[in-house]
Amino acid sequence: MTVEWDWIADHTGELTALSVSHLQAALTAVLLGLLISLPLAVLAHRVRQLRGPLLGIANVLFTIPSIAIFVLLLPVSGLTRTTTVTGLTVYTLVVLLRNTVDGLDAVPAKAREAAKAMGARPLRTLLTVELPLALPVIMAGVRIATVMSISLVSVATYIGDGGLGQLFTDGFQRNFPTPVLAGVVLTLLLALVADALLVAVEYVLTPWNRKGRRA
Amino acid sequence: MPSHLPGSPTPRRAVLGGLLAAASVPALAACSGGITSLDGGGDLSGGGSSEDGITIGTANFTENQILGHLYAAVLKDAGVKVRVRPNIGSREILFPAVRGGEIDLLPEYQGALLHHLDEKAKATEEGEMQNRIAMALPAGLQILPYGLAENSDAFAVTRETAEKYGLSTLDDLARHNGKLTIGALPEVKTRVVGVVGLKDVYGVEFKEFKSLDSSGPLVKGALRKGDVDVANLFTTDTDITAEGWVVLGDPRNLIPGQHVVPLIADRRADSRVRKALARLGAVLTTEALTELNRLVDKEKEDADDAAVAWARKAGLVG
Amino acid sequence: MGELLMDLGAWLTSGDQWSGVDGIANRLGEHLEYSLIATVIAAAIALPTGLLIGHTGRGAFLAINLSSFGRALPTVGLIVLVFLASGLSMTPVYVSLVALAVPSIVTNTYAGMRAVDPETRDAARGQGMRAHQVLLRVEIPLALPLIMTGLRLALVQVVATATIAAYVSFGGLGRYVFDGLAQRDLVQVLGGAVLVAAVALVLDLALAALQRALFVNRPA
């Protein structure tokens with residue numbers, strides 16, 4: 001198996017376009033996943049009876065093969081980006097939900113009580129005390145979900161989308177390893193860079209942790 | 001040169017006659033579609049518009065992507081904004097997408113399209129198939145005149161298998177019922193031009209059906225290795241002659257002619273599009289298409305580059 | 001939707017659907033075979049690696065980052081790449097599934113080993129235990145919960161992903177998903193998906209039960 005570097009040099013434009021499309025699908029899914037799982041996680045954290053069912057549903061969804069989810073969405077949203085993003089969002093839920101619940105659980109009771117004693121309402125407590133303190137665990141979930149999402153986008157190539165995944169089906173049909181290898185390496189790179197950026201975001205968002213570590 | 005199937009000879013005269021005969025059909029189809037058209041974009045004359053651009057979808061095999069890019073090249077030259085969505089999937093996935101509006105134009109094949117619309121279709125002659133397709137298409141869709149180029153289905157075996165079992169036509173397969181394994185696209189299992197028709201027309205029953213791909217690495221790899229005895233291939237696949245595979249004859253005409261034909265949504269079909277695609281259809285021969293397949297599959301040229309280069313050489317685009 | 005579920009019920013319970021090469025019984029067997037073989041191979045590679053890194057403390061960086069790398073690796077690309085390199089066989093399927101499973105097991109095994117209290121370890125050494133005795137009698141039993149978590153995670157991922165075997169012409173429950181996609185037969189796709197999910201959940205519960213059994217018997 002030889003790599004044709006010429007091919008890669010000749011296709012930088014296409015590779016860039018596919019990477020952008022790839023990343024766009026993955027990141028939209030993580031954002032949507034966060035929007036859905038944050039309120040659900042708060043609910044699961046506050047109402048104990050809902051926790052089991054919510055996490056259970058997310059777990060079951062995680063065991064369904066991703067390609068099946070994409071295909072089953074076809075009657076709803078057809079061969080569109082929506083199908084790809086919806087399918088990916090489903091997969092982010094289990095990680096985001098579990099980590100956010102875990103993060104909220106880990107908030108020290110004292111911090112909550114202190115906020116209460118100072119007269120903060122539940123919503124205010126949530127926004128100014130609980131979520132910030134849970135942030136490291138939530139961010140760990142966001143990182144896992146992002147990397148997973150970036151890796152999974154390529155499955156949507158089976159329904160004609162899939163960003164860099166198109167290089168896989170194309171190389172497969174033409175018995176041509178170079179585009180496939182390029183696609184795999186670029187996927188890994190995107191995941192790596194996205195992960196590093198999220199670490200930086202977390203660093204910026206949690207100054208108190210920084211100080212704590214240095215002390 | 002791909003081996004043509006005995007069952008579907010295509011003398012050039014008949015083809016050209018069919019081309020002319022077929023040219024009048026789309027207008028008819030468009031009329032009937034236009035009145036009940038769901039998108040509301042078409043007027044009573046059935047005229048759509050390519051003003052807002054056209055999205056071309058293609059199936060998951062090399063040749064269909066080349067055709068999609070050829071369509072794109074000639075349409076772009078005619079001043080139409082085009083977008084190609086390559087490698088989407090099977091006809092079963094693509095067809096609803098044209099109806100649903102995600103895709104406007106598909107490179108299709110006559111016989112396969114007809115059987116998709118009407119499982120019991122008997123027509124095998126090009127002009128008749130064209131009429132039957134036009135009648136069977138749902139509202140909102142039409143076909144344009146079919147082209148010279150043809151890519152038919154072939155059921156092929158290796159030379160060794162042909163000698164071992166004495167196979168030269170599909171009839172011979174029935175003498176070995178329950179012994180042979182066939183490899184093809186998953187959808188061929190449920191298609192008439194496939195397992196269903198082989199049983200009904202030739203009385204053939206296979207030991208096993210293996211879901212593979214369209215004349216791609218899986219089905220050809222399996223045939224080479226002996227994992228399947230019979231493989232469903234395309235007649236435009238240069239590997240058939242290169243590997244010395246034997247294409248089984250079709251004396252009972254199970255396999256229909258498979259001329260390339262554009263399937264388009266009424267909402268996008270205007271004279272600009274019709275003319276550009278008709279010109280392409282009249283120039284692109286089976287040989288040219290076969291050579292394009294070779295360039296993309298073997299020489300690893302990009303489907304779009306190969307398509308544009310050929311169209312330029314053929315004088316179709318400036 | 002209701003109609004789809006009715007059809008699914010009919011599909012799952014029809015006798016025809018269960019027999020033959022393309023029957024559920026055979027496809028289920030193939031799926032279990034692929035998944036279990038891949039997980040066992042992965043465990044054979046990943047458990048010693050994780051234990052070694054955890055025990056010696058060398059290669060910790062690898063152990064921590066491997067799971068992230070594993071998650072990022074696109075299975076579709078990997079299977080095609082190995083297929084193009086090695087041809088039509090089960091090799092591409094097993095390589096992809098093992099590559100998917102190894103990181104989860106290594107990372108969790110390492111995490112389990114690291115979670116062992118250093119004082120406990122020192123105490124064991126103080127009692128005159130040899131290195132291998134410390135590993136077998138102290139570290140592994142204490143790390144077991146996390147090791148099992150890694151194995152369960154790997155198995156669930158492998159079962160869901162073994163669907164891909166059908167993409168390179170092999171069987172398993174993925175056959176229904178890929179064939180159903182090509183034939184636009186949503187009942188078949190849904191049937192395949194439900195069966196895969198069921199297999200994943202049942203195996204996960206089985207491992208959880210095993211884990212509980214192991215806990216009861218572990219040395220105090």
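Let's start in chain A, at residues 54–73: the end C-alpha atoms of this span lie 22 Å apart, and the span is 90% helix and 0% strand. Keep in mind that you're looking at a predicted model. Residues 54–73 are one of the stretches of chain A that UniProt, in an unreviewed entry, annotates as "transmembrane region"; the others are 20–42, 79–97, 133–160 and 180–205. Take residues 180–205 of chain A next: here the chain is 100% helix and 0% strand, with its end C-alpha atoms 37 Å apart.

Now for how helices of chain A sit against each other. Find helix 7 of chain A, residues 122–152, and helix 9 of chain A, residues 177–205: their axes come within 9 Å and cross at roughly 165°. An angle over 145 degrees counts as roughly antiparallel, so helix 7 and helix 9 of chain A are roughly antiparallel to each other. On the helix 7 side, the contact is made by Leu135(A), Pro136(A), Met139(A), Val142(A), Arg143(A), Thr146(A), Val147(A), Ile150(A) and Ser151(A). Helix 9 of chain A answers with Thr187(A), Leu190(A), Ala191(A), Ala194(A), Asp195(A), Leu198(A), Glu202(A) and Leu205(A). Sorted by class, this contact between helix 7 and helix 9 of chain A has eleven nonpolar, three polar and three charged residues. As for handedness, helix 7 of chain A passes helix 9 of chain A in a right-handed crossing.

An α-helix has 3.6 residues a turn, so residues three or four places apart point the same way.

Next up is helix 8 of chain A. How many of its residues are buried? Nine of the nine, so helix 8 of chain A is largely enclosed by the rest of the structure. Run along it and you'll pass Gly165(A), Gln166(A), Leu167(A), Phe168(A), Thr169(A), Asp170(A), Gly171(A), Phe172(A) and Gln173(A), the buried residues of this helix. What do they pack against? Within chain A, the buried residues of helix 8 pack against helix 2 (12–46) and helix 9. From chain B, they meet helix 3 (62–77), strand 2 (82–89) and helix 10 (217–225), and from chain C, helix 5 (75–86). Helix 8 of chain A is followed by Asn175(A), whose phi is positive, near 55°.

The partner from chain C is worth a look of its own. The axes of helix 8 of chain A and helix 5 of chain C come within 9 Å and cross at roughly 20°. These two helices are therefore roughly parallel to each other, and their crossing is left-handed. Helix 8 of chain A brings Gly165(A), Phe168(A), Gly171(A) and Phe172(A) to the contact, while helix 5 of chain C brings Val76(C), Gly77(C), Val80(C) and Leu84(C). By class, that contact has five nonpolar, three polar and no charged residues.

Step back and take in the whole meeting of these two chains: the contact takes 34 residues from chain A and 28 residues from chain C. On the chain A side, helix 3 (48–63), helix 4 (66–77), helix 7, helix 8 (165–173) and helix 9 each supply at least two residues. Helix 9 of chain A gives the largest share of that side, with ten residues. The side of chain A that touches chain C divides into 24 nonpolar, nine polar and one charged residue.

So what does chain C look like by itself? Its secondary structure comes to ten helices and zero strands, and its C-alpha trace spans about 65 × 40 × 30 Å along its principal axes. Of the 220 residues in chain C, 48% are buried. Among contacts in chain C between residues at least 6 apart in sequence, 72% join residues at least 24 apart. An unreviewed UniProt entry annotates residues 28–207 of chain C as "domain: ABC transmembrane type-1". That span is 83% helix and 0% strand, and its end C-alpha atoms lie 19 Å apart.

Chain C also touches chain B, in a contact that takes twelve residues from chain C and 17 residues from chain B. The chain C side of it divides into six nonpolar, three polar and three charged residues.

Finally, chain B. Its secondary structure comes to 14 helices and ten strands. Of its 318 residues, 57% count as buried. Among contacts in chain B between residues at least 6 apart in sequence, 79% join residues at least 24 apart.

Methods
Residues numbered from 1 in each chain as written. Chains lettered and ligands numbered in written order. Predicted model: local features only at pLDDT ≥ 70, side-chain atom pairs only at ≥ 80, totals over all residues. Helix = DSSP H or I, 4+ residues; strand = E, 2+ residues; numbered from the N terminus. Buried ≥ 20, exposed ≤ 12 C-beta atoms within 10 Å, placed from the backbone. Contact = placed C-beta atoms within 7 Å. UniProt positions renumbered as here; feature names shortened; annotations may be inferred. Nonpolar A, V, L, I, M, F, W, Y, C, P; charged D, E, K, R; others polar. Axes fitted to C-alpha atoms, helices over the stretch in contact; angles between N-to-C directions. Parallel < 35°, antiparallel > 145°, perpendicular 65-115°, else oblique. Left-handed = near helix turned anticlockwise from the far one by under 90°.
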